[in-house]
Amino acid sequence: MPKPKSFTAWLKTHADQDNANGDLARDVSRDPEWPSRKGLPGQHTYLEERGAISAAVETLERAWAQYEQYKAVQDK
């Protein structure tokens with residue numbers, strides 16, 4: 001079975017969506033300094049250090065929860 005995508009790669013597959021995940025995915029795709037390998041804590045800190053609105057941080061947290069579900073299915 002193929003290895004699950006990284007969070008950032010998974011998120012970028014949502015860039016065409018017209019919702020909060022799509023907004024975050026497009027922002028991440030345009031940000032060359034996005035901390036792809038820092039995991040949720042590092043990405044959360046990154047957004048907060050850059051003054052992201054609370055809705056963006058909440059979207060990141062919801063997207064991580066969805067990503068964890070994706071990984072659980074991929075790992076079966």
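**Entry 1: the charged pairs**

I began at Arg50, which at 47% relative accessibility counts as partly exposed. I keep in mind throughout that this is a predicted model. Arg50 forms a salt bridge with Glu33, the closest N and O atoms being 4.0 Å apart, and I noted that Glu33 is exposed at 55% relative accessibility. Glu33 sits in the loop between α2 and α3 (39-49) while Arg50 sits in the loop between α3 and α4, so this pair ties together parts that are 17 residues apart in sequence.

I then looked at Glu49, which also forms a salt bridge with Arg50, here with 3.8 Å between the closest N and O atoms. Glu49 has a relative accessible area of 61% and is exposed. Through shared partners, the salt bridges join Glu33, Glu49 and Arg50 into one network.

My count for the model came to 4 salt bridges. Another of them is the one between the side chains of Arg26 and Asp23, at 2.4 Å from N to O. Both of these residues lie in helix α2, 3 residues apart, which is about one turn of the helix. I recorded Arg26 as partly exposed at 25% relative accessibility, and Asp23 as partly exposed at 41%.

**Entry 2: the aromatic rings**

I turned to the rings next and found 8 aromatic pairs. For Phe7 and Trp64 the ring centres are 4.6 Å apart and the planes stand at 10 degrees, so I logged the pair as stacked. Phe7 belongs to helix α1 and Trp64 to helix α4, so the pair ties together parts that are 57 residues apart in sequence. Phe7 is buried at 4% relative accessibility, and Trp64 is buried at 13%.

**Entry 3: how α2 meets α4**

I checked the axes of helix α2 (residues 20-30) and α4, which come within 10 Å and cross at roughly 100 degrees. The two helices are therefore roughly perpendicular to each other. On the α2 side the contact is made by Ala20, Asn21 and Leu24, and on the α4 side by Thr59, Leu60, Arg62, Ala63 and Gln66. Sorted by class, this contact has 4 nonpolar, 3 polar and 1 charged residues.

**Entry 4: two buried positions**

I looked up Thr8, which is found in helix α1 (residues 7-12) and counts as buried at 5% relative accessibility. When I set aside its neighbours within four places in sequence, Thr8 is in contact with Val28, Trp34, Ser36 and Gln43.

Last, I examined Val57 in helix α4 (residues 54-74), which is buried with a relative accessible area of 8%. Not counting residues up to four places away in sequence, Val57 touches His44, Leu47, Glu48 and Ala52. For Val57 and His44, which are 13 residues apart along the chain, I noted a separation of 6.5 Å between the C-alpha atoms.

Definitions and conventions:
Residues numbered from 1 in each chain as written. Predicted model: local features only at pLDDT ≥ 70, side-chain atom pairs only at ≥ 80, totals over all residues. Heavy atoms only, no water. Helix = DSSP H or I, 4+ residues; strand = E, 2+ residues; numbered from the N terminus. Buried < 20%, exposed > 50% of the residue type's maximum accessible area, 1.4 Å probe, protein only. Contact = heavy atoms within 4.5 Å. Axes fitted to C-alpha atoms, helices over the stretch in contact; angles between N-to-C directions. Parallel < 35°, antiparallel > 145°, perpendicular 65-115°, else oblique. Nonpolar A, V, L, I, M, F, W, Y, C, P; charged D, E, K, R; others polar. Phe/Tyr/Trp six-rings, centres within 6.5 Å; stacked < 30°, edge-to-face > 60°.
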